[in-house]
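Please open the model in your viewer and keep the sequence panel beside it. The stops below are meant to be selected one after another.

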Amino acid sequence: MRTLHHFNGGVHPAQHKAESNTRPIVAAPVPPRLVVPLHQHIGSAAKPLVKVGDKVLKGQMIAAAEGYVSAAVHAPTSGTVTVVEMQTVPHPSGLPDLCVTMETDHEERWIAHAPLDYRAMDPSELRNHLRDAGVVGLGGAAFPSFIKLNPGPAQKLQTLILNGAECEPWITCDDRLMQERAEAIVQGIEIMRFMLRPEEILVGIEDNKPQAIAAMRAACALADFAVEVVPVPTIYPGGGAKQLIKVLTGKEPPSGGRSTDVGVQCFNVATAYSVHRAVHHGEPVISRIVTVTGNVRQPGNFEVLIGTPVEQLVQLAGGAKDGTNGYVMGGPMMGFTLPQPNVPVVKATNCIIASSQALFSPAPPALPCIRCSRCAVACPADLQPMDLYWFSRARNFGKAQEYALFDCIECGCCTYVCPSHIPLVQYFRFAKSEIWAREKEKEAADLARERHEFRQFRLEREKEERAEKLAQKAAAKLEMLGGSTDPEADAKKAAIQAAIERAKAKKAAVTPQNVDNLPPDKLKEIEEIEARRAKAKEGTQQDS
Amino acid sequence: MGSPYVAEQSSVSVIMLKVLAALVPAIAAYVWFFGPAILVGIALATATALACEAAMLKLRKYPVKPFLMDGSATVTAVLLALSIPPLAPWWLVVVGTAFAIVVAKQLYGGLGNNLFNPAMVGYAVLIISFPAAMTQWPAPDALAAAHLSFPDTLQYLFGGTLPDGIKLDALTMATPLDTLKTQLHLAHSVGDIRHMPIFGEVGGKGSEIIALGYLVGGLYLWQQRIISWHVPLAFLAALFATAGIFHLIDASRYVSPLFHLASGGALLCAFFIATDPVTGPTTPRGKLIFAAGIGFLTYIIRTFGGYPDGVAFAVLILNICVPLIDAYTQPPVFGHKDKKNSPQDGRP
């Protein structure tokens with residue numbers, strides 16, 4: 001038996017898995033129209049390659065990866081591009097983003113696609129192929145997988161982990177995928193093993209999924225390489241990458257670093273499946289399994305084309321029951337409310353929950369924090385959420401960062417347990433965005449200051465250059481005129497002349513002081529003296 | 001409304017209700033051994049606390065109902081009532097409770113913002129300002145020379161008059177801790193003192209059963225995860241250890257550690273007072289340091305200080321240290337264990 005480690009904290013919300021995990025995956029029909037966002041992954045948005053009116057084939061690349069951290073986007077079926085415009089996308093902000101909208105022709109005509117002989121390929125070529133196949137993490141983060149499939153300078157890995165934990169309540173898409181397509185997942189793992197060369201491979205599955213564990217064990221037994229299925233205790237957020245790594249290996253990925261710093265890489269099982277489809281079938285990522293559950297009549301899992309409107313999925317699940325007041329994308333702990341029901345399904349859409357008052361009752365008004373520290377006990381990242389709350393609320397972002405705000409994985413455990421019903425994780429999201437905004441401002445201000453300083457320097461320099469030129473011109477002219485070019489002698493002469501003038505002026509300007517209060521006869525005397533002096537001065541001036 | 005969309009069923013008022021429920025065994029023992037006067041004190045303190053809180057909230061323009069219903073003022077009132085003599089006149093209860101709620105709690109910012117434990121502030125104000133009234137502890141019913149009926153009790157508490165023929169001396173008796181202190185000053189040995197009628201098996205007659213009631217209530221709170229083990233264990237261990245060391249040095253001058261645990265407010269403090277979340281540390285290590293400090297200081301004040309019981313002042317002194325304790329006991333964050341710049345002490 002493998003020794004498992006544990007992480008601190010975590011909570012046990014009601015699981016709600018049985019609503020949707022008992023029936024097999026159903027293929028969703030092709031909708032009449034697909035809206036495909038071009039920014040479905042972390043990193044730069046893909047650049048569109050098609051324009052209005054273009055006819056596209058199923059699996060055709062309609063947007064290319066842009067920059068290093070990016071992935072391509074493909075047409076989920078054959079049809080005609082109708083618009084390339086901003087549309088509402090599934091994002092908490094509700095803001096629109098660039099999408100390629102297409103009318104489908106229901107003919108499902110594929111591009112030419114074939115299996116790859118991946119073992120004969122250059123590793124970087126294989127990685128680029130996966131990037132161009134649009135393979136991203138399907139656990140919810142949608143990080144371009146080809147980057148994580150680079151073994152790095154060490155050229156090998158200690159542990160490759162496949163994340164089949166699916167710890168959020170309500171979500172069952174990975175559960176069904178593991179039960180029904182275990183062999184395909186293992187074939188994907190084999191390709192990942194080829195690229196990363198790990199010493200060991202572990203598949204972590206929460207112990208509330210016994211059938212999935214059995215199915216994956218059976219498939220792993222057929223593999224010709226060592227891969228072990230490890231059941232882990234069911235606790236939220238046991239499927240968080242850092243937490244799963246800790247449980248399976250005992251190592252903690254360093255804050256600010258990557259899991260590869262401790263020799264571990266972690267992928268969702270659905271990502272392994274799409275790697276298999278991309279390599280063994282030449283198929284890019286154009287669909288995924290989505291759980292539709294909550295306040296719907298027939299909850300279940302569907303294989304859905306990217307770009308399908310969520311509304312349509314809800315209809316497939318029997319339609320929303322009375323009292324539905326919105327749709328949550330993701331799980332109840334970390335998901336977000338969709339801005340409107342007709343947004344498209346994207347690569348990150350693992351689950352749609354129709355919410356209602358009964359299922360997700362609104363939180364009572366928040367009371368002050370009583371420092372009971374239940375949040376700290378529940379935090380899987382060993383943080384002190386009550387302190388982060390005080391600092392975020394006081395906008396003391398320096399202290400918040402000291403208390404490791406950016407190590408918060410926003411799992412929501414703190415808010416889940418708070419007896420004062422304080423929306424803690426919202427404060428942390430707010431604090432993080434404020435800090436990022438300030439950093440951007442500071443960068444812009446630094447840049448502006450540098451430019452200003454350089455401008456000052458440049459003006460000074462130009463002034464000096466001009467002064468020098470003028471001086472040179474003046475010197476040249478003076479030489480031409482033949483005068484003394486010795487500036488020192490000239491200056492001395494000028495000084496002596498100035499001194500003589502000053503002395504003369506002083507003599508001439510001697511005036512009697514304190515004459516205001518003298519009696520009239522004294523004043524008359526002073527007048528006479530002044531008159532004689534003026535006369536005498538005239539005489540001397542005429543002489544000199 | 002953002003994520004998470006689900007939450008545990010918990011609230012501040014449920015926590016406070018459970019604390020009050022945990023006090024019931026001790027209150028029952030109190031009434032059994034010392035008569036129903038304590039219930040009057042509790043009722044009076046609760047009424048005063050709620051009235052003061054409502055008035056202050058109105059003044060501060062806060063919504064009154066949600067805060068009154070959270071139960072925190074009631075808990076403060078009951079804890080204070082349990083800390084002061086039940087035979088104290090009505091105005092003593094009112095003054096202490098009013099000070100606790102108005103000054104120690106609301107003027108500092110209300111629920112969650114106060115630095116000092118409000119009940120202990122109330123107690124400190126009373127013991128310093130009205131030392132005589134604060135010594136009117138009742139004798140256990142079994143030992144009292146006279147007994148008051150319930151109407152007579154009310155008459156005394158609110159009117160200040162006793163029935164003819166009954167003197168206050170007949171009703172009151174020094175507490176076990178007080179007796180111990182006085183007798184030790186009179187150079188009697190602990191062994192002799194322990195045989196006086198006020199003392200029971202482990203602590204004082206009657207009051208040791210009340211202490212047992214606090215223990216039972218405290219264990220309930222621990223089982224319900226309202227309190228963690230850190231504060232009660234560290235406090236009792238520190239008190240026991242300090243008392244034990246002195247007892248080993250000279251058993252005739254320093255009474256046994258078990259006596260200290262069973263006397264005065266020790267068990268009330270361990271489970272109900274030192275565990276106040278608002279005024280205590282939030283880190284596990286911090287709680288251990290905080291509670292050990294209180295245990296140690298309680299013994300020192302009891303044995304060498306001027307007051308028979310040191311719990312209140314020990315708690316207040318450690319309350320001042322809480323921000324410092326918190327800053328220096330931050331636990332290591334996930335993924336920071338190898339980093340040099342980990343916020344392990346919260347300092348820049």
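The tour goes from domains to helices, then to the core and the chain contact.

This is a predicted model, in which local features need pLDDT of at least 70 and side-chain atom pairs count only at pLDDT 80 or more, while totals for chains, interfaces and linings use all residues. Residues are numbered from 1 along each chain as its sequence is written, and chains are lettered from A and ligands numbered from 1 in the order in which they are written.

Begin by colouring chain A by domain, with domain 1 as 26-31 + 114-337 and domain 2 as 363-480; these bounds come from an automatic or database domain assignment. Their centres, taken over C-alpha atoms, are separated by 35 Å. Where they meet, 6 residues of domain 1 of chain A and 8 residues of domain 2 of chain A take part in the contact, two residues being in contact if their C-beta atoms, placed from the backbone, lie within 7 Å.

Next select helix 1 of chain A, residues 123-132; helices here are DSSP runs (H or I, at least four residues), numbered from the N terminus. Its buried residues are A:L126, A:R127, A:L130 and A:R131, where buried means that 20 or more other C-beta atoms lie within 10 Å of the residue's own, with C-beta atoms placed from the backbone. Seen down the axis of helix 1 of chain A, these residues fall within an arc of 145° (from the directions of the helix axis to the C-beta atoms), so they line one face of the helix. Their cover includes helix 2 (145-148), helix 4 (182-196) and helix 7 of chain A. After helix 1 of chain A comes A:G134, with a positive phi near 70°.

Move on to helix 7 of chain A, residues 269-280. Of its 12 residues, 11 are buried, so helix 7 of chain A is largely enclosed by the rest of the structure; among the buried ones are A:Y273, A:H276 and A:R277. Just after helix 7 of chain A, A:G282 has a positive phi of about 65°.

Now show the largest nonpolar core, which has 254 residues; such a core is a set of buried Ala, Val, Leu, Ile, Met, Phe, Trp, Tyr and Cys residues joined through C-beta atoms within 7 Å. Those with the most contacts inside it are A:M216, A:L313, B:F235 and B:V315. Its largest share, 12 residues, comes from helix 1 (residues 12-34) of chain B.

Finally, select the contact between the chains, with 34 residues from chain B and 42 residues from chain A.

Terms used
Helices (H or I, at least four residues) and strands (E, at least two) are DSSP runs, numbered from the N terminus. The expected span of a helix is 1.5 Å times one less than its number of residues.
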